[in-house]
Structure formats: structure tokens, C-alpha cells
Amino acid sequence: MRSTPRRLSRTLTAVAALALAAACGSTEPTGTAAPAPGSSGFTPPKIEALQSLGAGEGQVNLVAWAGYVEDGSSDPKVDWVTEFESTTGCQVNTKVAGTSDEMVNLMKTGEYDAVSASGDASLRLIAAGNVAPVNTALIPNYADVFAGLKDRPWNSVNGVSYGVPHGRGANLLMWRTDKVSPAPDSWGVVFDPNSPYKGSVTAYDSPIYIADAAVYLMATKPELGIKSPYALDDTQFQAAVDLLKQQRTIIGEYWSDYTKEIQAFKAGDTVVGTTWQVIANLAQADQAPVEVTLPKEGATGWSDTWMVAANAKHPNCAYKWLDWIISPKANAQVAEWFGEAPSNAKSCAETADPKHCDTFHATDEDYFSKVYYWTTPIPQCLDGRTDVTCKDYAEWTRAWTEIKG
Amino acid sequence: MRRRLATFLHRHAGVRLSLLLSAPMAWLGLAYLGALAALLVTAFWSTDTFTGNLIRTFTWSNFQDLVTGEVYRTVALRSLGVAAAVTLIDLVVAFPMAFAMAKLASPRTQRWLVIAVLTPLWASYLVKAYAWRVLLSSEGILGWGYGLGATILTLSYLWLPYMILPIYAGLERLPNSLLDAAGDLGARPWRTFRTVVWPLTFPAVVAGSIFTFSLSLGDYITVKIVGGSSQLIGNVVYDNIGAANNLPFAAAVATVPVLIMLVYLSAVRRTGALENL
């Protein structure tokens, strides 16, 4: 009689352990590329770029965002790796990273040849000497990359290129056309404490969202003198945090999982809030009556860069990969799969949806001039100020916990 | 040779025992207590904000932030409240169900009921949480919306089997003759429950409550899916690792649920329930 419950309780313990493991093991979809600007004010270690291209080494090890290196295992139709492998003889080994921090840590191991770094990771990798300058003369497709993406603060230092641009996108304002009128053209609709949409507003669940509040303050409170939403001193930071604490009262829920946002908009639980273009497309495909806009204040966004490790064991294959991923066809495929603007101008003719480049504003520099690419805040103010200390990302994270309460 | 070894082991009970126990003890010591120790040590370090490297020098600053930050107290108390509410709801739902299973159903039905209770455990945690998200959505069947209430409801559903099964096991151990005796001596159902059933199944209830309480205390996914804009301790830990790469502070925050569980377990121990499990 006694042994049965005993065994049962032991089984239960095992089941509980399994449940815990399952709970802890699940991950949410990558919080997309984080990215970024910033005139840095540091001198990178002197590392020589590759001078000439040799034969491939037979394989290449990549660190990438989910969806950037697809060999057909996610969807048989989504495959731009197999052809690369057969053409170049370079076997592709991919390690998918979930955050910029993870990417930086992986690159520090020295096991990888190339990385699809976002703006914050890219500067840190350059400063730490983990990545080498890239000799763009060895990458024929670089010539076709949009001029607006070349030699930018997040992929080049002092005119030296450290990588090739992968693609970019903006965080947009999405709303339900049947529940929100008039159509909003300002972030005010998600920040106004008296918003008529109280309880149905959504915001991105990450400390980086503080930058969205800063972008709004740049337009509405010019007296704060915010020049970059990622370089905030005490007063500016406090203003952004206060704005977000006020916003908390009208938030229905925060999102970081994009399927969750699609469902919330479709059901009407959420009627207005920040989003990505790809989410809007998926929601519209799901018959949800939603529209998106780039509000007049501008917005945050991302722009990613493929970089080569300073001590790459397979540099030739890495260069071949860089050239391949920005080639018109492959760049078009990855841009469509991920839902972003391609970096190669010729990709626009290669997309399955002929309107892809228009939808994602690939050629619209005016559109992207209003986009502040994500970057990780550091104590040295990214806007060039030296008389104050800016809030770093650890402090942003703590503030974010406080905002959510 | 083998026989000599067998004889040796037969004569030296201590050696026999230590050989038997060395593997599980190594597991417990290294994998379990070792991880806890690593957690505690990490909590006293800090990180370089630019390179993200660990700085391995002793500092109290993480705990200072934790104690002085009002938000962490609020979040800890909220998590405690959620865990207590889930445990209570599960107890109220599980006890009658376990009683029916153990005392009223035929042995054949009993087996089927146990399977029925276990079946939800075969489905993925995420699927079940998202199913509740759909149910609670304003266009869903329930349509109650998201928030802390939704979180408690979903967690209660998720952990219910962990409460039913220990209580069922406890009730099965309770001889029917005791219930009959109580009835023969004139006790009404409520009195029988209070003086016979409850005291004898209390250890089982405690076992179940340890499951539901600790599982709820550490959860951070359900609250992300149906919690609206609220957050629990788990989310604070997760945000500090996933977003900020601040492992030391995350470790410091993670000591809070460990402390709460230690207090809970020592309180349980004082009731004597653990000896009767």
C-alpha cells in the first residue's frame, strides 16, 4: 500500500522536472536585429583586411540572426544556402544567436568566421578587435549596395569599412482601421494618457523601447535637447522614463513575440501600437484591417552588417559568403523571408513579390532619414557630448523593469 | 576475483553503501548544489557595460539595488501573491476531484481518471498557454481579457495535475474503514473531513502545494502570454540575462525565489508534514 504513493510521488517529481525543463527551454522569437548608429570616439585595434582572395577552405562558420541563413530546413522553398554550397564548395555551419550580447560572446570564442551583427554589436566587436576591416574590392556585389547604407557609423570607422550591409527596416505605428479614427500620423496616440484607446495600446517589450519615447520627446519637447535617442543624460533619460510610466496606464499588453501581436490585432484586443513591417503584412494576410505608417516624429529601426572575424580560419569562404548574401537573388530572398528592405539595389528586380521594395521602402532614403537605427547605449554619449555621462544599457534595463512596475 | 570482491563488499557495509550512493550524491552535489553555489557567487560580481565581460571582484551593489529598489519589492510580493492564489485555487479544485477519484470511482474508472488527469501534461506548455490566450481574448469564448487574473487562471490550469495526483495518492492510502468508523461513531461528513480525512491527507496536500507554489513562483512565460502588461520575478531575471547581459544582477534577483522557497519549506517542515510524505 505504501509503495504505490511513493513511486507515484517520485514519478511526479520527474514529471515536474520535465515540465520545468520544457518551460525553461522554450525561447521566444528573436527580438530582431538590434542595430545602430553612433559616432564612436574610439580607435579600433589595427588589423589588416584581406588583400587577395584565395581558394575556398571547404567550410565557413557563421553567427546569424534567425532567418538570415536558410538552407530549406525551415521551409523547403526558403533556401539560399544550398546553391552557395554547390557553387563555392564552402559548407555552411550556422549558429543562430538570440541577442546582440550572445553574438558578441560567440565571436569572442574565435570559432566563427562571419557574423550578421546589428549596430550595437558591430561597434563593440570593432572596438574589441574581434572583427577585421573588410576589403570591399574583393566583394563584387558591394558595388550595387544602396549608397545610403555604405560607410555608416555602425559599419565603418574613420572611413574604413568593417562589413557589408545586409538589410534594414523601421519600427512602425500600426492601427486597426475600423477602431481608430482619424488615421494617426503621430506617436502621440500611444503616449497620450487621455488616449481614447486606453487599455488597447501595445508597446515593444524591451528596454530598447525607451528610445521610441526619446524619439517622440525629440519632436515634442525640443527643450530637452535630445540629439540621439540612444544618448540620453540624466534629465533626458528621466523624461523618457516618466513618459513611459505614464504610457503604462494606457497599455493593454506589451509584445516581443510577433505572433502574439498579430493575434492581438486580429482579435481587436490591441488597436494601436508599435510594430514591424513584416507583422503588418502577416496581419493583413490574416484579414485583419490594419494599416501602418512612419509617424511624423520619425521612428527607431534596425540595419544589420555582415562582418568577418579578425582571426577567421576560413576567410576566403567568409568573403564568398558576404558576396553571396548581398548578391541580388540571395539578398532578395532573405529580405522577403525576414520582411525587411534589401541592401542590394538590384535585389528589387528579384523579389517574388514585385512590390516588395516599395512595401519596405528600399529605395526611399527620405523614409530612412527619419529612422534611428537601434544601438546599445553606452556611458560615452553616442551623440558626441563629452561633458555628461549617458545612461548605459544596464541602466535602461533596470528602468524598463521599473516602468513595467 | 569476483567472489573475493563480493565477499569484501558483503563484509563492509559502509563501502557498499558509499559505492551505491556516490553517483546520486555527485549529481546532487555538483549539478544541483553546485549550480546554486555558482548562482550565489555570481550574484556578487558585476559586468563591464561596454564589452559585456564579467568582472570577478566582490561587490554588494547588486543586492543593494535589489533591496533599495521599490519595484523589486512590488514584483516579489506580486509573484508571491500569484503563487499563493494558484496554490489555493488548485487545492480547492483538486481536493474534491481527488476524493471522487480515490473513494467514489470504481477501480476501472479510477485508472481512466488518472489517465485523464495526466493527459494535459502530454501537450506542450506553450500550446496550452496560447490556447488560454485565445480563450481569454476579447473575441474569444471567455473574453475576459488579459492581466494578472488571467495569469492566475492559466497557471492554475497548467499546474492542476501536480496538485490532484499527490492528494489522490494520499487519499488512496487512507483506509475506507476509517471513514466508516467515523460514520458509525456518529460523525457527520464535515466532522469526518475535519478530524479524519484532512489531518491524514495534509502531507499530500503539502506535497502538491510545493509543486504548484514553486512552479508558479518561477514562471515567466505564461505572464508574457496572458499577463497583459504585468511582470513577475521570472521576467525580471529573464530581462537581465536576455536583454542586458547582466548575469550577476539576474543571479541576485534569482536568489529571491530561492529564499522564499526555503522559508516555505522550513514552515512546512515545522508542521511535520514532510516526515509523513
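Reader: In which hand does α8(A) pass α9(A)?
Author: This is a predicted model, and in it α8(A) passes α9(A) in a right-handed crossing.

Reader: At roughly what angle do the axes of these two helices cross?
Author: The axes of helix α8 (residues 258-267) of chain A and helix α9 (residues 277-285) of chain A cross at roughly 45 degrees and come within 10 Å.

Reader: Which residues make the contact?
Author: From α8(A) the contact has Tyr258(A), Glu261(A), Ile262(A), Phe265(A) and Lys266(A). From α9(A) come Ile279(A), Leu282(A) and Ala283(A). By class, the contact of α8(A) with α9(A) has six nonpolar residues, no polar ones and two charged ones.

Reader: Turning to the backbone of chain A, which residues does a cis peptide bond join?
Author: The cis peptide bond joins Ser181(A) and Pro182(A), with omega at about 0 degrees.

Reader: Where is Pro182(A) found?
Author: Pro182(A) sits in the loop between β7 (164-176) and α5 (188-191) of chain A.

Reader: Which residue has a positive phi although it is not a glycine?
Author: That is Asp151(A), which has a positive phi of about 50 degrees. Asp151(A) lies in the loop between β4 (131-132) and β5 (156-157) of chain A.

Reader: What does the domain assignment of chain A give?
Author: The assignment gives domain 1 (59-168 + 301-373) and domain 2 (171-297 + 384-404). The C-alpha centres of the two domains of chain A lie 27 Å apart. Eight residues from domain 1 of chain A and nine residues from domain 2 of chain A take part in the contact. On the side of domain 1 of chain A that touches domain 2, there are four nonpolar residues, three polar and one charged.

Reader: And into what is chain B divided?
Author: Chain B is divided into domain 1 (2-42) and domain 2 (69-276). Taken over C-alpha atoms, the centres of these domains of chain B are separated by 33 Å.

Reader: Staying with chain B, at what angle do α9 and α12 pack?
Author: Helix α9 (residues 189-218) of chain B and helix α12 (residues 247-270) of chain B pack at an angle of about 170 degrees, their axes being 11 Å apart. Because angles over 145 degrees count as roughly antiparallel, α9(B) is described as roughly antiparallel to α12(B).

Reader: Which residues of each helix make that contact?
Author: α9(B) supplies Val206(B), Phe213(B), Ser214(B), Leu217(B) and Gly218(B), while α12(B) supplies Pro257(B), Ile260(B), Met261(B), Tyr264(B) and Val268(B). The contact of α9(B) with α12(B) has eight nonpolar, two polar and no charged residues.

Reader: How do the axes of α4 and α7 of chain B cross?
Author: The axes of helix α4 (residues 70-104) and helix α7 (residues 148-173) of chain B come within 6 Å and cross at roughly 40 degrees. α4(B) is therefore oblique to α7(B). α4(B) passes α7(B) in a right-handed crossing. The residues of the contact of α4(B) with α7(B) divide into 23 nonpolar, two polar and three charged.

Reader: Finally, confidence: what pLDDT does chain A average?
Author: Chain A averages a pLDDT of 84, and 89% of its residues score at least 70. Over residues 1-40 of chain A, however, the pLDDT is below 50; this stretch has 83 contacts in the model beyond near neighbours in sequence.

Reader: What is the mean pLDDT of chain B?
Author: The mean for chain B is 89, with 96% of its residues reaching 70 or more. For the complex, the predictor gives an ipTM of 0.74 and a pTM of 0.75.

Note on methods. Residues numbered from 1 in each chain as written. Chains lettered and ligands numbered in written order. Predicted model: local features only at pLDDT ≥ 70, side-chain atom pairs only at ≥ 80, totals over all residues. Axes fitted to C-alpha atoms, helices over the stretch in contact; angles between N-to-C directions. Helix = DSSP H or I, 4+ residues; strand = E, 2+ residues; numbered from the N terminus. Parallel < 35°, antiparallel > 145°, perpendicular 65-115°, else oblique. Left-handed = near helix turned anticlockwise from the far one by under 90°. Nonpolar A, V, L, I, M, F, W, Y, C, P; charged D, E, K, R; others polar. Domains from an automatic or database assignment. Contact = placed C-beta atoms within 7 Å. pLDDT = per-residue confidence, 0-100.
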